[in-house]
Amino acid sequence: MGNHMTEMLKGTLEGIVLAILLERPAYGYEITSQLRDLGFTETAEGTVYALLVRIEQRGFADVEKVPSEKGPPRKVYSLNTQGREQLAEFWRTWNFLGERIDQLRPTADTAQNEGEK
């Protein structure tokens with residue numbers, strides 16, 4: 001499941017991170033930790049940081065530098081209006097695709113019958 005999961009996650013990770021930021025502002029390491037807590041254990045920190053740069057460049061989040069006790073200031077990302085609109089579009093697309101995929105998924109009985117042929 002590893003490689004397949006990675007490929008599917010590439011297309012959805014932005015929406016997942018936007019959903020995390022909807023809950024509260026966060027910095028990169030916090031987001032990576034939350035992803036891992038959610039079961040996305042293979043998500044590399046570098047992937048999250050690159051995604052946060054794109055989110056910032058696309059204007060989906062406001063960024064504030066906050067002093068850190070350990071080292072340089074942290075960039076804390078807050079979802080803004082444009083980011084909320086992008087997240088709403090992500091959920092609309094997710095729901096549309098999910099409904100279509102569910103229509104294609106065989107029921108347990110159908111799958112079992114196909115396996116017996």
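A residue counts as buried when its relative accessible area is under 20%, as exposed when that value is over 50%, and as partly exposed in between. The structure shown in these close-up views is a predicted model.

**View A. The ring cluster of Phe90, Trp91 and Trp94.** Which residues are linked by ring pairs into a cluster? Phe90, Trp91 and Trp94 are linked in this way, and the count for the structure comes to 2 aromatic pairs. The rings of Phe90 and Trp91 have their centres 5.0 Å apart and their planes at 65°, and because an angle over 60 degrees is classed as edge-to-face, this pair is described as edge-to-face. Phe90 has a relative accessibility of 14% and therefore counts as buried, whereas Trp91, at 39% relative accessibility, counts as partly exposed.

**View B. A nonpolar surface patch that includes Phe96.** Phe96 belongs to helix 4, which runs over residues 81-104, and with a relative accessibility of 44% Phe96 counts as partly exposed.

View C. An α-helix has 3.6 residues a turn, so residues three or four places apart point the same way. Glu7 counts as partly exposed, at 45% relative accessibility, while Lys10 is exposed, with a relative accessible area of 58%.

**View D. A salt bridge between distant parts of the chain, formed by Glu14 and Arg58.** In the salt bridge of Glu14 with Arg58, the closest N and O atoms are 2.7 Å apart. Glu14 is in helix 1, and Arg58 is in the loop between helix 3 (45-57) and strand 2 (61-66), so that the pair, 44 residues apart, links distant parts of the chain. Is Glu14 buried or exposed? Glu14 is buried, since its relative accessible area is 16%, whereas Arg58 is partly exposed, with a relative accessible area of 43%.

**View E. The salt bridge of Asp102 and Arg105.** The side chains of Asp102 and Arg105 also meet in a salt bridge, with a distance of 2.6 Å from N to O. Asp102 counts as partly exposed, at 45% relative accessibility, and Arg105 counts as exposed, at 53%. A search of the whole structure finds 7 salt bridges, and the pair of Asp102 and Arg105 is one of them.

**View F. Helix 3 and its buried residues.** Helix 3 has 13 residues and reaches 19 Å from its first C-alpha to its last, which is close to the 18 Å expected at 1.5 Å a residue. Which residues of helix 3 are buried? The buried residues of this helix are Val48, Leu51, Leu52 and Ile55. Because these residues cover an arc of only 105° around the axis, they are placed on the same side of helix 3. The helix is followed by Gly59, whose phi is positive, near 80°.

Note on methods:
Residues are numbered from 1 along each chain as its sequence is written. This is a predicted model: local features need pLDDT of at least 70, side-chain atom pairs count only at pLDDT 80 or more; totals for chains, interfaces and linings use all residues. Side-chain values use heavy atoms; hydrogens and water are left out. A salt bridge is a side-chain nitrogen of Lys or Arg within 4 Å of a carboxyl oxygen of Asp or Glu. Buried means under 20% relative accessible area, exposed over 50%, partly exposed in between (1.4 Å probe, protein chains only). Helices (H or I, at least four residues) and strands (E, at least two) are DSSP runs, numbered from the N terminus. Patches are made of residues with over 30% relative accessible area and no salt bridge: like charges are joined within 9 Å, nonpolar side chains (Val, Leu, Ile, Met, Phe, Trp, Tyr) within 5 Å. Accessible areas come from the Shrake-Rupley method with a 1.4 Å probe; for residues, only the protein chains shown count as cover. Rings of Phe, Tyr and Trp (its six-membered ring) pair if their centres lie within 6.5 Å; planes under 30 degrees apart count as stacked, over 60 as edge-to-face and the rest as tilted. The expected span of a helix is 1.5 Å times one less than its number of residues. The arc is that of the directions from the helix axis to the C-beta atoms.
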